[in-house]
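Subject: Structure for you to look through

Dear colleague,

I am handing over a structure that I would like you to open beside this message. Please look at it once on your own before reading on.

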Amino acid sequence: MLTTDILHIRAIDHHCHNLLKPDWVNNAAYTTAFTEGNDPEILKYHAYNTLSFRRSLRDISNLLSCDATEECITKLRQNLGIEALTTKCFTEANLESIFLDDGFLADYIFPWQWHQQFTKVYRLIRLEYLAERLFNSIDNFEVFLESFCNQLISKSPEVMGFKSIAAYRSGLIIESIPETTAKLRFQQIKQENKEQKIPLTDKILIDFLLGVALDIAAQNKLPIQFHTGFGDRDLDLRFSNPLCLRQLLENPRWKGVPIILLHASYPYTKEAGYLASVYPQVYLDFGLAIPSLSIKGMKQVLEELLELAPTTKILYSSDAHNIPELYYLGAKWGRHLLAEVLEEAVRSGDLTAKESLEIATAILRGNAKQIYDYLEN
Ligand SMILES: [Zn+2]
């Protein structure tokens with residue numbers, strides 16, 4: 001019963017990414033969207049052989065009514081065109097709104113406004129992307145810092161919060177850095193690199209800027225999403241364990257900032273559940289883990305989150321990126337497995353049927369509405 005009820009709940013996808021312009025999709029292997037690997041050998045061979053890719057091909061072929069082969073699917077999606085394909089995927093996903101982190105592959109994607117033809121669209125500011133752009137165009141530390149703060153304080157109305165990819169840059173052991181130390185480091189890096197544009201990966205600067213962003217988030221009651229757990233090869237998985245965030249979570253200055261751990265922190269899912277159970281400001285999300293794992297793996301992720309974490313702390317997202325099919329797959333499996341896990345909780349005596357429906361609604365939309373101060377209109 002819950003399985004059918006859950007299909008009618010309009011979901012808020014609070015963490016996802018802009019779609020890539022078709023030229024870029026058509027020139028890349030279709031597997032690119034289904035793996036975190038970027039090595040050609042992974043993309044050309046191994047990525048075809050994951051359980052999730054095999055399953056996803058069949059899911060997409062059912063959606064598009066064609067054979068479950070890459071050739072048929074890619075031909076059909078090109079014939080349909082990106083708008084018709086996106087409409088199909090978003091309609092099936094039954095989304096009330098999406099929150100886009102538009103700092104990923106920023107030069108190749110459709111702008112956030114383009115997505116408004118399909119659903120309501122909000123944005124998240126990717127902190128490290130903003131910092132890197134400013135760092136590469138400003139030589140004076142004070143001007144740099146002021147610009148960074150201004151962009152966060154005078155944010156446009158569609159911005160719902162911030163997103164950090166510190167896990168990709170210098171890891172989640174985020175320390176308090178005094179401004180004088182950050183300034184020295186800024187000048188030193190500028191000197192070493194002269195006019196060159198560089199990726200901003202320095203731990204001192206990133207930790208310092210995160211502290212600044214956390215202060216602004218605290219003053220303006222804005223949540224910050226943190227990439228945790230698995231990701232592509234740039235990531236040192238040891239330092240994307242959410243337990244690394246302890247210093248940040250213990251800092252009383254930032255206690256009022258909702259911290260959302262993305263991707264179920266997979267494989268550190270139980271650790272994430274524990275953090276959400278003891279820190280009032282910690283929330284959890286299961287995007288990317290669903291739809292990237294096997295069915296059993298995705299179900300296990302939901303079970304592990306629900307083992308200990310309060311149900312008021314768990315949020316739905318797809319982490320969809322590049323192609324609209326991922327919005328559809330995230331919603332399909334997110335809903336289906338959430339219903340299955342909650343129905344099992346009813347059977348085993350953890351929940352009543354009424355409670356299970358309330359919890360499904362909270363996870364798919366209610367919790368996001370609360371955390372982001374989301375107003376329906
Ligand atoms: Zn993401």
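Below I go through the metal site, the cavity and some of the salt bridges.

Please keep in mind throughout that this is a predicted model.

You might begin with the zinc ion, which is coordinated by the NE2 atoms of His-15 and His-17 and by an OD atom of Asp-319, at 2.0 to 2.1 Å. Along the chain these donors follow the spacing H-x1-H-x301-D. His-15 and His-17 are both buried.

Next comes the cavity: the structure holds 1 cavity of 30 Å³ or more, and about 60 Å³ of space lies in the largest cavity. Which residues line the largest cavity? Among them are Leu-127, Glu-128, Ala-131, Phe-148 and Leu-200, together with Ile-206, Leu-209, Leu-210 and Ala-213. Two elements, helix 7 (127–135) and helix 11 (203–220), each give two or more residues to this lining, and helix 11 gives the most, with 4 residues. Sorted by class, the lining has 8 nonpolar residues, no polar ones and 1 charged residue.

Finally, there are 22 salt bridges in the structure, and I would pick out a few of them for you to find.

The side chains of Glu-175 and Lys-203 meet in a salt bridge, at 3.2 Å from N to O. This pair links distant parts of the chain, 28 residues apart, with Glu-175 in the loop between helix 9 (166–169) and helix 10 (179–193) and Lys-203 in helix 11. Glu-175 is partly exposed, with a relative accessible area of 36%, and Lys-203 is also partly exposed, with a value of 26%.

Lys-299 forms a salt bridge with Glu-340, where the closest N and O atoms are 3.2 Å apart. Here too the pair links distant parts of the chain, since Lys-299 lies in helix 15 (residues 295–308) and Glu-340 in helix 16 (residues 325–348), 41 residues apart. Is Lys-299 buried or exposed? Lys-299 counts as buried because its relative accessible area is 17%, which is under the 20% limit for that word, whereas Glu-340 is partly exposed, with 28%.

Lastly, Glu-96, Lys-120 and Arg-365 are linked in a network of salt bridges.

With best wishes

Technical notes. Residues numbered from 1 in each chain as written. Predicted model: local features only at pLDDT ≥ 70, side-chain atom pairs only at ≥ 80, totals over all residues. Heavy atoms only, no water. Donors = N, O, S within 2.8 Å, 3.2 Å for Na, K, Ca; no water. Buried < 20%, exposed > 50% of the residue type's maximum accessible area, 1.4 Å probe, protein only. 1 Å grid on protein atoms, 1.4 Å probe; cavity = no way out; pocket = protein on both sides within 12 Å on 5 of 7 lines; lining within 4 Å. Points joined across faces, edges and corners; volume = space filled by probe spheres on them. Nonpolar A, V, L, I, M, F, W, Y, C, P; charged D, E, K, R; others polar. Salt bridge = Lys/Arg side-chain N within 4 Å of Asp/Glu carboxyl O.
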